[in-house]
Amino acid sequence: MKRFKKNQDDENGNGGARPTNSDSHIVVRDPDRKSGSSPMRLMGIVVVCLMIISVLFSVSVVLKDPPSDKVWIAAAEARFVDAGPKKGSEDDAVQSSGVPKDKLLRGLLSAGFDEGSCISRYQSAEYRKELSHKPSSYLTSRLRRYEALHKKCGPYTELYNKTLEQLKSGHSTGSSECNYVVWISFSGLGNRILTLASSFLYALLTNRVLLVDPGVDVADLFCEPFPGVSWFLPPDFPLKNHFNSFNQESPQCYGKMVKNNTIANLNGLIPSSVYLHLAHDYGDHDKLFFCDEDQSFLQKVPWLIVKTDNYLIPSIFLIPSFEQELSNLFPNRDTVFHFLGRYLFHPTNQVWGLITRYYEAYLARADERLGIQIRVFDVGTGPFQHVLDQILACTIKENLLPEIDREQYIISPSRGTQKSKAVLMTSLSSGYSEKVRDIYWEHPTVTGEVVGIFQPSHEEYQQTEKLVHNRKAWAEMYLLSLTDMLVTSSWSTFGYVAQGLGGLKPWILYKPENGTAPDPPCRRAMSMEPCFHAPPFYDCKAKVGVDTGKIVPHVRHCEDMSWGLKLVDHYDEL
């Protein structure tokens, strides 16, 4: 076999390539070379040195001249992809719990749940914009304290059983470690959601435990909100069989007790339970619930049973003894239901399936989402033309929907600028959505926008006690809360729930009178808070009637009900 001689190129930068036999392509080693002093080893060292020099030169160029836009874009994309919590940061505690920080809504929610048991609790953050307001640290700490109290005093705990004995005896035996507010399931679904939030806030303010009458469907609609112990009242609760018969004339009714001077005749004894009738038909003596003097007495009663169909919170803000605590909990007064609703009301997995399937199918890919909630109080069979005219007048005037062009068949937008708008309409009747859909099918928009009209259900009439009906109603409230802009109907608690959960200030359709569309058709809400439809008008200190919408700047009359009350943060007379 012929051996090649070393040539000059091999030693001066050929990378120490091994010689080969040109005939047979077999690599041939030089037996005279030694491993310790091989020129190939020296050449390898030279190559490494050259590589180091090249790297140092590149670094000096980067430091001297700023990188191009493409470099910054690539870096930004890399940061976006790697946006998870870093070790050593404040997110470590959240990371270790297995729940990303954003899913806890800035600390509003507790991480102490099995995610699979209630998927919506943490998955809902993926369908919503970030909270527009941050819950106060005081609110989040009080919620954690409440959860600990509920776990200690909840159904079938030792302290619950002990306090239950007082209930059976008929009289309180003194101060108790655990006191309770029992909420009776009453009225339509929107009302029940608002009254549950009201009862929970009252429990929070008075260090009570909220126990919920499940009624026919509450357990099917909402996940358990508190970790460790259920919020549902046990089926063997002694007074449960009397819930339906409780009214203003019941002996346990607080208003009746005051009216008949029963409390004064108790000779210092405190009853173990009191029934609070706070529904729309309550009387003047029932309304004394909102007075400090009466709260002092109620604070001593271990069991308070509440029946209401009202959003009580605006008048609770007028009770002086609660003023400082409420200010600490809610520095922004118009966020009360927004935070309490997001904390308490998580759709069960079955309802969450209805919500997410519909959202993904019809709403997810739109550039904008508009919700229109229609509640008609007129007697007769709709749809009514004046209601349709009002909806179109409001949405077009406020630039929520684009105008149509009746002269052109096709309007071609600039290439790449065509936007899509998904309009989610909810109503017991399908007629309104069908008519609006036909308008945008038969005519192009002047803006070139593509408008899709969608309505999940049309049940024709309200069916309060029907489970499937309430599942759909809850799903539709929630879907409305996921829109970017919202139009609601006057007096409708359905709309109040949607705007509060979504953190939206809606455009409110004025209530039509005498079959005529109002002019103007709608106005923007002062806040996202619901309206208290039947507030008291009474000055507890002066013991005279007073306009309770003018006592403090953050409790004002509602836009859709002149005698109602609602919370606002910054009031604008216009």
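A residue counts as buried when its relative accessible area is under 20%, and as exposed when that area is over 50%. In this predicted model, Tyr 275 has a relative accessible area of 1% and is therefore buried, and Phe 246, at 6%, is buried as well.

The rings of Phe 246 and Tyr 275 have their centres 4.8 Å apart and their planes at 25 degrees, so the two are stacked. This pair links distant parts of the chain, since Phe 246 lies in the loop between helix 9 (218-221) and helix 10 (254-259), while Tyr 275 belongs to strand 3 (residues 273-277), 29 residues apart.

Across the whole structure, a search finds 31 aromatic pairs. One of them is formed by Tyr 180 and Trp 303, whose ring centres are 4.2 Å apart with planes at 10 degrees, so that this pair is stacked. It joins strand 1 (residues 180-183), which holds Tyr 180, to strand 4 (residues 303-307), which holds Trp 303, and the two residues are 123 residues apart. Tyr 180 is buried, with a relative accessible area of 0%, and Trp 303 is buried at 0% too. One aromatic cluster includes Tyr 180, Phe 246, Tyr 275 and Trp 303, together with Tyr 156, Tyr 160, Phe 237 and Phe 243.

Charged side chains also meet rings: Lys 307 lies over the face of Phe 186, at 5.4 Å from the ring centre, and Arg 524 lies over the face of Trp 507, at 4.0 Å.

Technical notes. Residues numbered from 1 in each chain as written. Predicted model: local features only at pLDDT ≥ 70, side-chain atom pairs only at ≥ 80, totals over all residues. Heavy atoms only, no water. Phe/Tyr/Trp six-rings, centres within 6.5 Å; stacked < 30°, edge-to-face > 60°. Helix = DSSP H or I, 4+ residues; strand = E, 2+ residues; numbered from the N terminus. Buried < 20%, exposed > 50% of the residue type's maximum accessible area, 1.4 Å probe, protein only. Lys NZ or Arg CZ within 6 Å of the ring centre and 35° of its normal.
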